[in-house]
Amino acid sequence: MVGRICLRASRLSALRSRKKRGGGDASQTAKRIHARASRTGCAVALAAMFLMVGSAASAEESIFAFVYTTDLLPQGGKEVEQWITWRHQKNGGTYDQLEGRTEFEYGLASNLQAAVYLNYAWTQAYHNGPFGATTPPEQFADYMAGPDDFFNAKRFTGVSGELIYRILSPYTDGIGLALYTEPTIGKNFFELESKVILQKNYLDDLLTIAVNFTYAPEFRNVPSNDNPPVFNWQEETDINFGLAVSYRFIENWSAGFEFLNEREFNSFDFSHLSNSGYYLGPTIHFGGEHFFFTATALWQMPWATVHTDTVPGSLVNHLVLDNDFERFRFRLKAGYTF
Amino acid sequence: MKASHWVWLPVAVISTSAYATTYFTVEQAQRAIFPGASFTSMGQPNTWRTSNGGYFVVERVVGKHEYITVAIGINPNGTVKQIEIMDYRESYGYEVRDPSWRAQFVGKSASSPLQLGADIKNISGATLSSKHITDGVKRVLQNLRAKG
């Protein structure tokens, strides 16, 4: 998700950067020290959070952190999940974002699951964008930041609903197939994400392979390029592909990898492709009787190329680093079923 | 981020590892399925010949998170007398322990379909466990038939 929003934010920041460059070195040094200190604080907070979820009870689902499987709660089953996604490092400077999601899932039927999410985020960015300009990340695209500002913000980003309907089960039909829909509404933002989820198991169901195709059109109300006080609704479509493989190597524990290709179009008709990024990294999962956790670390692969709407300066060493693409991302999901 | 921040994560999680829920020991399962019988080991792990000519087999099958241990009693004519779930530690699907679900296996032989969704009912939320218990019973019956 980014598109015209990135175009706007990046160009605007670059423009301001050229106008304001040459500001006091002392203040910039102070800002860098501040950024480093905040980053360390963030790391400590993240580690503390892992410890907290780790000390919960004993075991269950979400075998991958980014890719979905067709495994659902049974009818009447309930689960609470907490997600933390850490996005780290752009073109240069400093950039960190922590996205939190708190979810409640409920099994409406044996093959239909519903969920509600609360979404919130915190970010800090400094000289992270094209041409060294400070650029707010996508979830803060409606915020203003000067090219040399230290941007630090937090917000409640919105509420999401989710429905997953399983058509085929990998355990009884040979292959799993499910349809997924997730509307999200927040301030200056609306998105409708849909997925087709496929799952195939091998080796007595110890090896799980899942594939996701995602289609997610969205609207964002962001400041206009020419007159920032005036906001315009802009459209974008995300088309994502996900592949994940995991093997249960001992009881309760499985490990594997996740691969993502995320594509963004500045339109609803698949024209104006702006970004296409590739991510790959390891995943580990623990599942017990009521408690589970899953963690995946993804690094962007240097396979990105320029497209028709790619923002100048956002592609560095074949990495696309526009608003919601970064060099590294890490997600932890922890859940409790009851 | 310093490595010291991470080292406590596996420690914290391992400390929460699931505990074993054992409903039957081998001896208890033998007495439940073949009351009054005596058991002779057949020289292979987890398989016993009973004094009335039947068989008692302990089979371990894959569950969602952990292995499930199943005791299978087989009549002298090769049909299932009774099965008991010895260990089960999953989030859902404790119905596999219900007598009505286990009763579906009684009378099945190596020639029976023993297929989840066909002659054995699925349990919502425990499809994987139900399937592997069913497959496990079938595997044991077929192995015994192959050995004559």
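Helices (H or I, at least four residues) and strands (E, at least two) are DSSP runs, numbered from the N terminus. The model is predicted: local features need pLDDT of at least 70, side-chain atom pairs count only at pLDDT 80 or more, and totals for chains, interfaces and linings use all residues. Residues are numbered from 1 along each chain as its sequence is written.

**Exercise 1.** Compare the reach of helix α4 of chain B with its expected span, then state which phi B:G148 takes.

Solution. Step 1: α4(B) covers residues 127-146, 20 residues. Step 2: the expected span is 1.5 Å times one less than the number of residues. Step 3: from first C-alpha to last, α4(B) reaches 28 Å, close to the 28 Å expected. Step 4: just after α4(B), B:G148 has a positive phi of about 75°.

**Exercise 2.** Is A:H127 buried or exposed, and in which loop does A:H127 lie?

Solution. Step 1: A:H127 lies in the loop between β3 and β4 of chain A. Step 2: its relative accessibility is 12%, so A:H127 counts as buried (under 20% relative accessible area; exposed is over 50%, partly exposed in between; 1.4 Å probe, protein chains only). Step 3: A:H127 is not a glycine, yet has a positive phi of about 50°. Most residues other than glycine have a negative phi.

**Exercise 3.** Locate A:D204 and classify its accessibility.

Solution. Step 1: A:D204 sits in the loop between β6 and β7 (207-223) of chain A. Step 2: phi of A:D204 is near 60°, a positive value in a residue other than glycine. Step 3: A:D204 counts as partly exposed because its relative accessibility is 41%.

Notes
Chains are lettered from A and ligands numbered from 1 in the order in which they are written. Side-chain values use heavy atoms; hydrogens and water are left out.
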